[in-house]
Amino acid sequence: MSVSVAERWVEEVAGLTRPDRIVWCDGSKPEYDALVEMMLRDGTLLPLNARTYPDSYLHRSHPSDVARTEQLTFIATREREDAGPTNNWMAPAEAKSKAGRFLRNAMRGRTMWVVPYLMGPAGSSMSRVGIMVTDSAYVVASMHIMTRVGQVALQAMRSDDDFIAGVHSLGDLSPDRRLIMHFPEEKLIWSVGSGYGGNALLGKKCHALRLASAQAREEGWLAEHMLIIGVEDPEGRVTYLAGAMPSASGKTNLAMAVSQLPGWRVWTVGDDIAWMHVDASGQLRAINPERGFFGVAPNTSPKTNPNATAMVRSNTIFTNVALTPDREPWWEGLTPEAPRGLQDWQGQPWQPGTGPAAHPNSRFTVPVSQCPSASPHWEDPQGVPISGLIFGSRRTSVIPLVFEAFDWNHGVFLGSAMSTETTAAITGKVGVVRRDPMAMIPFCGYNMGDYFAHWLSMQPRLAKPPRIFRVNWFRRDADGKFLWPGYGDNVRVLKWMVERIRGGGRAQETPVGYVPADGAIDLSGIDLAPARLREALRCDAAEWLAALQDLDEFYSSFGSRLPATIARQLAETRRKFGG
């Protein structure tokens, strides 16, 4: 297979960035081991306790480089309208000029690694190829874990130019010279000035969501910020669901949930990104394009997520967590009490009361294959058949624990109307309600009005459209206490969804959809007063009418790009509430 287009592009980037040497990565274990050895020598990685965390390492970011930088992330399309009101836009020529100044000679004195990578299982028609260049060994090692690197990617190219091209350089890590640019019309990403995960592992949000969402619209599929799970019932039947939830809304915990309901089990296909195609028979099928998890560490514990806690005990790169005197990783929530003698995420001695020991956005990077709940079908080339879609977010009030959309169009409306309350991990401000349709507002690579239309356009191709559900595990009572226990008990809600998908599951109709009827949620073996469940499921007209008013304002920002179907659904919901 000729890679001349790729080779020419690599030469052009080298001409701009001027590396001392160029290395094409093969994705092998010896290559990964050599990268780790080099980073241990230069201090980029610190070894963890080889007995309790074998082949695991700690990486510390520059203190100014610890999170996604939405204000420095741009969509560069020829027409501003094609990026839409929810994205930062820059004209392509200006974007290349601005980022080009920071990239010029940025790799002088450094190695430029060329990383061909495959997003999705080998041999799947749903998988896509990227080729990224980077001057960060940490990024190369992380891409080894997160994607399939090397010849497997080059062999999957459908044509000589069939790849997303990504340029990444650490630059000088100055926030003043940091930019993440996406050129969907050119299948190109430029990222400079950051070594942090989502800004630097270009296969993740940059490719798998921002660029892939635009590519998916052109090619007729969906690239979504969604988990994928299989829910197994006591008879051994597995029903597959995909679910979109913004940051800090319980997505990873649901993806790896340990069921509190005897006989029921959750299988993990993916925790973050779903690529979904309609097959020849009209069935929606999903693959997880990633090979690893890039998970948030804080509040991951044996109680909240036993599977995640178990899977990171080997072959894991931790970023910005604290370190115990025994050289084990630690973060807030891992144990009830912080151990004595911690070093904080910047390597300084830590004392209680001086702020968190681990950064609130600290991470672990680990292969999917190590997850105890990994589905035996997580790498099936044909994907798994999706029977239900879940939209979920963190809301103190308004949104019931669970309800089902009336049909596909109504479900798309519910997803487009999604909002969430912020946590410290999102913006630093807590409890602010912000719009996040389908949990895609930071990740949609084109105009979201067109994105809603693309979702609506999928329905005629679906022989049996998946049922669409809305969830909210975070509703509170008048005293501020959570009404629902969450975590492994969320499987009780999944059971009701599976029953609905199979034509059962009792429900009552409300203006916003079908809510579980009294007794429809299985509360066996749990001490939860039926009155608390009724409160968690309540649909309050006054709360909803106020929320719909706010939604009106958001939709108006799309002007004529908002599909008429969405506007009609809003008007119909308001009418049902008597508004």
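**Surface and charge.** I looked up the accessible surface of the protein chain first: about 21,900 Å², with 49% of that belonging to carbon and sulfur atoms. Accessible areas here come from the Shrake-Rupley method with a 1.4 Å probe, and for residues only the protein chains shown count as cover. Next I checked the charges: 61 positive and 61 negative, with mean positions 2 Å apart. Lys and Arg count as positive, Asp and Glu as negative, while His and the chain ends are not counted; each charge is placed at NZ of Lys, CZ of Arg, CG of Asp or CD of Glu.

**Ground rules.** I have to keep in mind that this is a predicted model, where local features need pLDDT of at least 70 and side-chain atom pairs count only at pLDDT 80 or more, while totals for chains, interfaces and linings use all residues. Residues are numbered from 1 along each chain as its sequence is written, and side-chain values use heavy atoms, leaving out hydrogens and water.

**Overall build.** I find 16 helices and 28 strands in the protein chain; these are DSSP runs numbered from the N terminus (helices H or I, at least four residues; strands E, at least two). The radius of gyration is 23 Å, close to the 25 Å from the globule rule for 579 residues, so the chain is as compact as a globular protein of that length. That radius is taken over C-alpha atoms, and the rule is 2.2 Å times the number of residues to the power 0.38. The C-alpha trace spans about 70 × 55 × 45 Å along its principal axes. For contacts (heavy atoms within 4.5 Å) between residues at least 6 apart in sequence, 73% join residues at least 24 apart.

**Inside.** Buried residues make up 60% of the 579. Buried means under 20% relative accessible area, exposed over 50%, and partly exposed in between (1.4 Å probe, protein chains only). What sits at the centre of my core list? In the largest nonpolar core, with 156 residues, M276, I386, W455, L494, M497 and Y555 touch the most other members. A nonpolar core is a set of buried Ala, Val, Leu, Ile, Met, Phe, Trp, Tyr and Cys residues joined through side-chain atoms within 4.5 Å. Helix 5 (residues 137-146) gives this core its largest share, eight residues. A second, separate core has 32 residues, including V129, I131, V133 and F163.

**A286.** I found A286 in strand 16 (residues 284-287). A286 counts as buried because its relative accessibility is 1%. Beyond four places in sequence, its contacts include M276 and I386. E224 is 62 residues from A286 in sequence, with 10.0 Å between their C-alpha atoms. I also noted that E224 is one of the residues W455 touches.

**R502.** This one is in the loop between helix 13 (491-501) and strand 27 (507-510). R502 is partly exposed, at 36% relative accessibility. Leaving out neighbours within four places in sequence, R502 is in contact with D233, R237 and T239.

**P30.** I placed P30 in helix 2 (residues 29-42), and at 59% relative accessibility P30 is exposed. From P30 to A463 I get 47 Å, C-alpha to C-alpha.

**Positive phi.** N320 is not a glycine, yet its phi is about 65°. N320 lies between strand 18 (317-319) and strand 19 (322-323), in the loop, and is buried at 2% relative accessibility. L173 has a positive phi too, near 60°.
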